[in-house]
Amino acid sequence: MLCPTRRELSARLSIGAVVAAFWLSFLLWFAADLKQHGATETAFQWFSVDNLVVAFGLRLDRLSELMLLVVTGVAGAIHIYSYSYMAEDRDVPRYFASLSLFTFAMLGIVLANNFVLMFVFWELVGLSSYLLIGFWFERPAAADAGKKAFLANRIGDTGFLLGIILLWSATGSVHFGTIQQLLHEQPKLLGEMSTIIGLLIFCGAVGKSAQFPLHVWLPDAMEGPTPVSALIHAATMVAAGIFMLCRVFFVFLAEPSMPLMLAGLSGISALDVIAAIGMITALLAALMAVQQNDIKRILAYSTLSQLGLMVLAVGCRGPLPAMFHLTTHAFFKALLFLGAGAVIHAMHHEQDIWRMGGLGRKMPVTAAVFLAATLALCGLPPFSGFYSKDAILACVLKQNMVLFLAAVATSVLTAFYMFRLVFVAFAGKPRTSEAGHAHEAPALMLYPMLFLVVPSVLAGFWSVEPYLEPLFSAHAATAVKPWYEQLLAPFDEPLAAFAGLGAAGFGIFAAATLYLGAREDSLPSRWGAFARVLRNRFYIDEIYRVCITLGLDAVAAILDFFDRWILAGVIVRGLHGTVELTGRILRLFQTGNLHTYGFMFGLGVIITLWLALMR
Amino acid sequence: MIGLNHYLVISVLLFSLGLLGVLLRRNLLIVYMSLELMLNAANLALAAFSKYNQQLDGQILVFFIVTVAAAEVAVGLALMVALFRLRQTVRVDELNAMKL
Amino acid sequence: MQDALFLLFALVTLVGAVLVVANPFSRDPVASAMFLVVTFIGLSGLFVLLGAFFLAAIQILVYAGAVMVLFLFVLMLLNLREEQRRKYSLVKGFLGTLLVGLLASFLIGTIFGAPALTVPGPAPMNAGAGPLGKMLFLHYLLPFEVVSILLLVAIIGVVILSKKDIR
């Protein structure tokens, strides 16, 4: 940004800033003694229109502290990793500028203390994601993916904005703390719009966190550089949606009700819809991941699936497990992407897992950290993923058995497709010469990965729940358990814990049976049409294309009719015809003959005189 | 006894004759002469008012009208000369280039 | 005496005007110009009857002298052929006469409809050149100057328009 020609300087500047931010967040986490509702600081009033008062204010509580730590930690690792990964690219300054903007915007979302400010940063995240996904804009696929992400987000953001406006019109404030206070005192404040408001705000999360109807942008976003994928899928963009849901969770706690028009749906609260959407996303994405061959796409669908689980948790009135899983997921998913990046780097930008194989021996460190992250994702103790996923399972189990079964099924699929990836890419023999000549990643790429292994493995030992609990409930904070007790805490709820473990075990077993040492994928021949449907992602993109094409054609036809007959026909031609007719009539008087003009003039004089004298 | 009314009637008749000439004659020179008649009709009316109101202002106005009329005739005749050079005619019904 | 003179001069003026506009004997514009002189003379007589002696003199000097010379000069310059009789469009003539007749009757009706103005008292109005000049140069000085500029502009305009290479 500052010096577009000096790549070294721009890279170091960005890295330095993010690492410094990480250290500050780290210090803050341990040093700051935050009271129940945290600290709110208003820097200045940004603008005010009538009773819409928007402050440029920050809010620091346990929730934003945790997110600060996650965002700066993961972003810092990715910045350092990028330094090596992008070394050969010619647009390094632009890359780091966008990356830093992305991080900045995310920190803005985390720290904002009111809806409007959050929305501004929310949009800024959308913009910088567009810049980064379309970073290699010379490639049409990348440019298209950028546009797709931006547009899908736009749809969600529109709902979010409408939700903010409705909320503001109901409560007269956009400030988180004020609204929370108001809703706590009078749960019926939102009146009949409360469910609608909840759903509209959830729309924003659907866009950013790529939930079911709008999930299509996320797999395409893999066109961006791999570290960007890591950043988008781990710590920033998709996390923003979940974080937002947790931040404004108080809105969903308002008395649910529907406007009269939709009275038939009054039994359904926004949270039920959220849970359903989360479940659908989790299951669908997991199924899609089973038949993908692109290493990054598998990870992308796995992200979708995990996000679905988090949304499911929020929908089951459990923002704490959602935040817990968000935190652990941020670390191990970033690790997975960085590992995939190292593999892709070593394979000279080959992304098809069936052209890899035997990489475990060529790249031992990468393979080890990748395996660790995979185990975390599959939910095996003592890796962090087990604890957070178990928290979600336990939370869902309390609410609804069907949702619980869906979540368990998702876990089975997760373990299956992740180990399919691991077995195919890292085990067995090299299938191509590139795989045979692969080499370990450079040190600057390895260090960030090694750094991320630590929280990926250990984050589960300290549950974030006791820290965050005061934010979401009136109960006194549960005591922080020592780590050795926390280690076994999930087994207080044996059904959820053993279901999760069993699911992971079954998935790994199935993957091992099918893929360990396999030369090609045997699922298509066994499942035929179903595998093809999975491979083509349930044809959702195609359905969208057809629907949107038909819809646009219909709209275009209506507009065409309007334009052709109403605008061009009645208005334009009508005006034109009237003017022309008048002109033709008046033209009769313009004979060019002096006598006619004189006669007209005399007539005019007589009429004027008559009007002046005779009236 | 001749009064103001009589002078005014003469003035109106003179004006009407001038207007008739403007409306009916096709020779541009005669149209101009008719215009002079109309101006003079106005002069006569002004002089009559001046006399019967015992005020000189009317005569001053006549003086100005005479001046302006002289200027108008000079410019108009010069235009006519230029026009004749261009079109070889001073007939009003043949000068209809303004018509589309 | 004055009434008789008024009738005489009025007759001269009107007959001259009729012959300017529609001369049954000649279509020659020069004849029209000559009858215009007759009209001006009649008018100056009327001015004398109205006590406007200076105006009467001006009328003769400016109109019968300068303006008429200008007309005749242009007539000679253009050397127009005698205008042959053409058929007047009857409709046009009728419409024009109707319009003018309407206007005239309208105005005359108004004049006689108004409360009759009697001749003013015998107070003689001194309308010689002296008082007129005093008024012109004291009270109407600005219009006078403006008119002088108008004449200057007219002179320049005429010179420009009369140049041969006008486009």
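## Arg154 of chain A

In this predicted model, A:R154 has a relative accessible area of 25%, so the residue is classed as partly exposed. The value falls between the 20% below which a residue is called buried and the 50% above which a residue is called exposed.

A:R154 takes part in a salt bridge with A:E123, in which the closest N and O atoms are 2.9 Å apart. A:E123 belongs to helix 4 (residues 115–133) of chain A and A:R154 to helix 5 (residues 140–171) of chain A, so this pair ties together parts that lie 31 residues apart in sequence.

A:K208 lies in helix 7 (residues 194–208) of chain A, whereas A:D157 lies in helix 5 of chain A, so the pair ties together parts 51 residues apart in sequence. The relative accessible area of A:K208 is 0%, and the residue is therefore buried. Taken together, A:E123, A:R154, A:D157 and A:K208 are linked in a network of salt bridges.

## Salt bridges and cysteines in the whole structure

Over all chains, a search of the whole structure finds nine salt bridges. The count of disulfides over all chains, by contrast, comes to zero. In general terms, a disulfide is a covalent bond between the sulfur atoms of two cysteines.

A:C246 has 1% relative accessibility and so counts as buried. A:C378 is likewise buried, with a relative accessible area of 1%.

## The contact between chains C and B

Chain C brings 80 residues to its contact with chain B, and chain B brings 68 residues. The size of an interface is often given as the accessible area lost when the parts come together. For chain C and chain B the buried area is about 7100 Å², with 78% of it on carbon and sulfur atoms. Of the area that chain C buries against chain B, 10% is supplied by C:V21, C:L50 and C:F71, more than by any other three residues.

## Composition of the chain C side

Between chain C and chain B there are zero salt bridges, while six residue pairs are in polar contact, both residues being at pLDDT 80 or more. On the side of chain C that touches chain B, the elements giving two or more residues are helix 1 (2–21), helix 2 (29–49), helix 3 (53–78), helix 4 (90–113), helix 5 (129–138) and helix 6 (141–162) of chain C. Helix 3 of chain C gives the most, with 13 residues. Sorted by class, this side of chain C holds 61 nonpolar, 11 polar and eight charged residues.

How values were computed: Residues are numbered from 1 along each chain as its sequence is written. Chains are lettered from A and ligands numbered from 1 in the order in which they are written. This is a predicted model: local features need pLDDT of at least 70, side-chain atom pairs count only at pLDDT 80 or more; totals for chains, interfaces and linings use all residues. Side-chain values use heavy atoms; hydrogens and water are left out. Contact means heavy atoms within 4.5 Å. Buried area is the accessible area (1.4 Å probe) that two parts lose on being put together, summed over both. A salt bridge is a side-chain nitrogen of Lys or Arg within 4 Å of a carboxyl oxygen of Asp or Glu. A polar contact is a pair of N or O atoms within 3.5 Å; within protein, one must be able to donate a hydrogen and the other to accept it, and residues adjacent in sequence count only if both atoms are side-chain atoms. Helices (H or I, at least four residues) and strands (E, at least two) are DSSP runs, numbered from the N terminus. Ala, Val, Leu, Ile, Met, Phe, Trp, Tyr, Cys and Pro count as nonpolar, Asp, Glu, Lys and Arg as charged, and the others, Gly among them, as polar. A disulfide is a pair of cysteine sulfur atoms within 2.5 Å. Buried means under 20% relative accessible area, exposed over 50%, partly exposed in between (1.4 Å probe, protein chains only).
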